[in-house]
Amino acid sequence: MTLAARYTSARTLDTAPVEPSPPGPGEVELAPAYVGICGTDLHIFHGDMDARVRTPAVLGHEMSGRVVRVGPGVAGWQPGDAVTVMPLRWDDACPACRAGHQHVCQHLDFIGIDSPGAMQQRWTVPASTLIRLPESLALDRAALVEPTAVAVHDVGRANVAEGENVVVVGGGPVGILIALVARAAGAEVRVVELSAHRRLLAEELGLATWDPAADDVPALVGAWTGDAGADVAFEVSGAAGGVDTAVDVLGVRGRLCLVAIHPRPREVNLHRFFWRELTLIGARLYDRGDFEKAVALVADGTIPAERLISKVVPLTQAPAAFEALEGGGNVMKILVDCTDGAQGVAL
């Protein structure tokens, strides 16, 4: 038996022994080392996804770890290999897959939501989901590859180009990662964030920030761009006010990339879309190329992953970690250490 953190009902997590599933044909058994808690995990914790999640559900999809065993027919992997997982299983038969968009398969199994995730001491997944990690990359930092892949995909979807002016609305972990990836692409970036703690971290990473509670953000964008407006805005806040800001800062033919999951319909200033010929772009998940680029960005330090990790807790403290994240503003990324005998440490 191994230990797992499980969601059982709204606002209820436990840690309990589970029977590990041996790897079958085409599968690999992993020993997860570190697993990040993300906003989707919090949505599950709040009970917002009960129609989709089968309880008891092992959560977690932002991870790093090592191969323990390989199943029949698996080539190219061996015990001890350092890996992360692209947690997507698609059917290869639906219209989206046939069009080459497997990451938005119409019957997608998002591993860690629709099927058991990584927050356990042993985890069996399809070998096709594995992404190799360089041995030089520390496994705690490697746990941020998955959210970095989200940011890489978002910046790619928005076609951010060198010299463009980019506004990121929402300075949580994904917002900061988007800002860093956009900066690496040569863009000039500003981050709009209410939390003073998150603004300070962004500034320590060399990113300029604005406080929407105190600053007239559209006016500041006008001064910054010579009244042209931003070329790209990323909406990462998930708030109605964030949508308004993202639309208001865009210049003629600007692109709004929607990253946050909005649980309810929002009012949008469509006149602004008409008047300035704006474009709305949806961005969801990632593909293998995004993951491989994310590995490179974390490994070479372009993404200073260690600066985004607020705390590491042992698997037995995972329920308390979810509660700590609800406060939001003073925490960026909490990792759950799934290794045997793990001790929690604040970083």
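**Reading cysteines, sheets and ring pairs**

Modeller: Start with Cys 38: its sulfur lies 14 Å from the closest cysteine sulfur, that of Cys 338, which is too far for a bond. The model is predicted.

Biologist: How many disulfides does the count give?

Modeller: The count is zero. Cys 105 is also in no disulfide, and its nearest cysteine sulfur, in Cys 97, is 3.7 Å away. A disulfide needs the two sulfur atoms within 2.5 Å.

Biologist: Is Cys 105 buried or exposed?

Modeller: Cys 105 counts as buried, at 3% relative accessibility. Cys 38 counts as buried as well, at 12%.

Biologist: Next, strand pairing. In which sense do E14 and E15 run?

Modeller: In general, strands of a sheet pair through backbone hydrogen bonds, in a parallel or an antiparallel sense. Here strand E14 (residues 230-235) and strand E15 (residues 250-258) run parallel and are joined by five bridges. Val 232 stands opposite Arg 255 in E15. Between E14 and E15 the chain passes through helix H8 (residues 240-248), and this β-α-β crossover is right-handed.

Biologist: Which residue in E16 is the bridge partner of Cys 257?

Modeller: The partner is Ile 281. E15 pairs with strand E16 (residues 279-282) over four bridges, in the parallel sense.

Biologist: In what order do the strands of the open antiparallel sheet stand?

Modeller: The three strands are ordered E2-E1-E4. Strand E2 (12-18) and strand E4 (57-58) are the edges, each pairing on one side only. Strand E1 (residues 2-9) is joined to E4 by two bridges, and Arg 6 has Val 58 in E4 as its bridge partner. Helix H12 (residues 318-325) packs on this sheet, where it touches E1 and E2, and its direction makes about 155° with that of E2.

Biologist: How many aromatic pairs does the structure hold?

Modeller: A pair of aromatic rings is described by the distance of the centres and the angle of the planes. The structure holds four such pairs. In one of them, Phe 45 and Phe 322, the centres are 5.5 Å apart and the planes stand at 45°, so the pair is tilted. Phe 45 belongs to helix H1 (residues 39-45) and Phe 322 to helix H12, so this pair ties together parts 277 residues apart in sequence. Both Phe 45 and Phe 322 are buried.

Biologist: What are the distance and the plane angle for the rings of Phe 274 and Trp 275?

Modeller: Their centres are 6.0 Å apart with planes at 55°, so that pair is tilted. Phe 274 counts as exposed at 58% relative accessibility, and Trp 275 counts as exposed at 63%.

Technical notes: Residues are numbered from 1 along each chain as its sequence is written. This is a predicted model: local features need pLDDT of at least 70, side-chain atom pairs count only at pLDDT 80 or more; totals for chains, interfaces and linings use all residues. Side-chain values use heavy atoms; hydrogens and water are left out. Two strands pair if DSSP finds at least two bridges between them. A crossover is right-handed if, with the strands pointing away from the viewer, the path from the first strand over the helix to the second runs clockwise. Buried means under 20% relative accessible area, exposed over 50%, partly exposed in between (1.4 Å probe, protein chains only). Contact means heavy atoms within 4.5 Å. Axes are lines fitted to C-alpha atoms, for helices over the stretch in contact, and angles run from 0 to 180 degrees between N-to-C directions. Rings of Phe, Tyr and Trp (its six-membered ring) pair if their centres lie within 6.5 Å; planes under 30 degrees apart count as stacked, over 60 as edge-to-face and the rest as tilted.
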